[in-house]
Amino acid sequence: MTEFTYDGLPGRVAFGAGAARTRLLGELDLLGAHRVLVIATDAENGIATALCAPFADRVVATFSEVRPHVPVEVAELARKAAIEAEADVVLSVGGGSTTGTAKAVALTTGLPIVAVPTTYAGSEVTPVWGMTEGGRKTTGTDRRVLPKTVVYDPELTVSLPVELSVASGLNAVAHCVEAFWAPRRSPVSSAVAEDGIRHLVAGLNTIAADPSAQAGRGALLLGAYLAGSAFAVAGSGLHHKICHVLGGAFDLPHAQTHAIVLPHVLAYNLPNAEEAADRIARALGRTDIVEALRELGDGLGAGGGLRELGMDESGIDDVIEDIAAIAPADNPTPVTAQGLQAILHGAWAGSDPTGSTR
Ligand code: NAD
């Protein structure tokens with residue numbers, strides 16, 4: 001008999017093609033929000049400006065100095081902007097870095113967030129915040145940072161370059177895979193994660209052939225929502241711990257790092273993760289799941305290793321201890337320094353995960 005605790009998270013979701021154009025104002029009204037701080041990077045600002053045009057009179061400030069992994073000094077600037085403008089809501093329009101900056105504001109001000117995601121990061125449905133200081137990323141969980149409302153609009157993701165779409169989609173696949181063995185996994189999160197993989201893989205294959213295909217973008221965004229939801233309640237496991245340390249230490253791009261590391265962690269855990277293997281196989285329609293995932297990445301042009309992202313191999317030794325210190329105690333395969341070395345050297349070289357970790 002399975003025993004579990006499932007702690008569901010609140011949040012309202014509006015999903016649909018054109019939803020950001022047609023439903024965003026109504027969602028702000030529902031929250032009684034009249035003084036909007038908009039957060040968007042320069043690349044996302046075109047989308048944000050167009051979306052805010054119907055309620056431009058409510059926009060009291062715009063913050064665009066977003067940086068990856070939310071450096072603490074950026075968080076401080078964004079908080080200052082919110083306080084000075086007397087904002088009553090934070091509207092984030094963008095990827096995980098933008099959502100993360102909005103979360104940093106919510107963490108200290110308590111302001112509600114309305115999130116309009118434009119990548120497949122999934123941060124918009126998690127209560128997890130992250131900030132970086134001196135090459136070290138700190139994360140925490142606080143319900144104040146969980147967006148009150150998420151407006152998912154696949155149309156907004158069409159402008160995301162294919163390479164980034166693929167990496168971001170594979171990052172979402174990583175949320176699903178990891179949810180099967182993460183510390184707070186449950187039958188609910190596992191069912192959501194399995195379905196998430198199905199939508200993500202279908203979407204990835206569709207947009208690889210036609211990046212502007214609405215059906216593919218819709219499947220990817222729905223998959224990203226499911227992935228983020230599973231990850232939000234199941235928590236992070238070995239894969240996320242590794243990527244978290246690598247991201248902070250070497251300033252690596254988040255989504256690409258996840259896409260590269262995932263098959264290596266999967267190969268490491270698989271011999272001791274039967275349910276995960278069954279569920280992933282069902283979702284992928286194949287039993288050779290490490291090969292299937294690697295083929296998916298290669299076919300989408302996301303092959304290669306961390307070295308292609310500019311990481312120095314000599315850095316691996318510096319992070320083994322940090323990863324081991326935060327690795328979950330109940331990881332399916334016990335985490336050893338030797339095991340981490342194999343995963344990281346394999347991911348760095350982009351070698352065949354089945355060969356490098358067995
Ligand atoms: P990102 O937000 O850094 O975006 C990558 C790039 O894409 C940026 O230059 C951005 O301006 C651009 N961009 C975004 N949407 C676009 C669009 N539609 N068209 C054109 N350009 C667009 O990358 P990401 O992968 O979305 O997010 C990564 C960050 O999110 C990391 O810091 C990661 O730790 C965090 N994250 C947090 C959680 C959580 O639960 N707290 C979950 C997932 C990711």
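Let me start at Ala-85, which sits in the loop between H3 and E4. This is a predicted model, so please keep that in mind for everything that follows. Ala-85 has a relative accessible area of 10%, and because the cut-off for buried is under 20%, Ala-85 counts as buried. Leaving out residues up to four places away in sequence, Ala-85 touches Arg-35, Val-60 and Ala-61.

Buried or exposed? Glu-86 is exposed, at 57% relative accessibility. Its backbone deserves a remark: phi of Glu-86 is positive, about 50°, although the residue is not a glycine.

A positive phi turns up at His-69 as well, with a value near 60°, and His-69 is likewise a residue other than glycine. Where is His-69 found? The answer is the loop between strand E3, residues 59-63, and helix H3, residues 72-84. His-69 has a relative accessible area of 11% and is buried.

Leu-252 lies in the loop between helix H8, residues 238-250, and helix H9, residues 254-269. As for spacing, Leu-252 and Pro-68 are 184 residues apart in sequence, and their C-alpha atoms are 9.3 Å apart in space.

His-258 is in helix H9. His-258 is buried, at a relative accessible area of 2%.

Now the aromatic rings. How many aromatic pairs does a search of the whole structure find? Two. One is Phe-15 with Tyr-152, a tilted pair, 5.7 Å centre to centre and 40° between the planes. Phe-15 belongs to strand E1, residues 12-15, and Tyr-152 to strand E8, residues 149-152, so this pair ties together parts that are 137 residues apart in sequence. In terms of cover, Phe-15 is partly exposed at 29% relative accessibility, whereas Tyr-152 is buried with a relative accessible area of 0%.

Tyr-152 also pairs with Tyr-225, again in a tilted arrangement, with 5.2 Å between centres and 45° between planes. Here the link runs from strand E8 to helix H7, residues 214-234, which holds Tyr-225, so parts that are 73 residues apart in sequence are tied together. Tyr-225 counts as partly exposed, at 24% relative accessibility. Through these ring pairs, Phe-15, Tyr-152 and Tyr-225 are linked into a cluster.

Let me finish with the whole chain. The secondary structure of the protein comes to 14 helices and eight strands. The radius of gyration is 19 Å, close to the 21 Å that the globule rule gives for 358 residues, so the protein is as compact as a globular protein of that length. The C-alpha trace spans about 60 × 45 × 40 Å along its principal axes.

On burial, 56% of the 358 residues count as buried. The accessible surface of the protein is about 14,400 Å², and carbon and sulfur atoms account for 52% of that surface. On contacts, take those between residues at least 6 apart in sequence: 76% of them join residues at least 24 apart. On charge, there are 25 positive and 40 negative side chains, and the centres of the two sets are 5 Å apart.

Key
Residues numbered from 1 in each chain as written. Predicted model: local features only at pLDDT ≥ 70, side-chain atom pairs only at ≥ 80, totals over all residues. Heavy atoms only, no water. Helix = DSSP H or I, 4+ residues; strand = E, 2+ residues; numbered from the N terminus. Rg over C-alpha atoms; globule rule 2.2 N^0.38 Å. Buried < 20%, exposed > 50% of the residue type's maximum accessible area, 1.4 Å probe, protein only. Contact = heavy atoms within 4.5 Å. Areas by Shrake-Rupley, 256 points an atom, 1.4 Å probe, with all protein chains shown as cover. Lys, Arg positive; Asp, Glu negative; His and termini not counted. Charge placed at Lys NZ, Arg CZ, Asp CG, Glu CD. Phe/Tyr/Trp six-rings, centres within 6.5 Å; stacked < 30°, edge-to-face > 60°.
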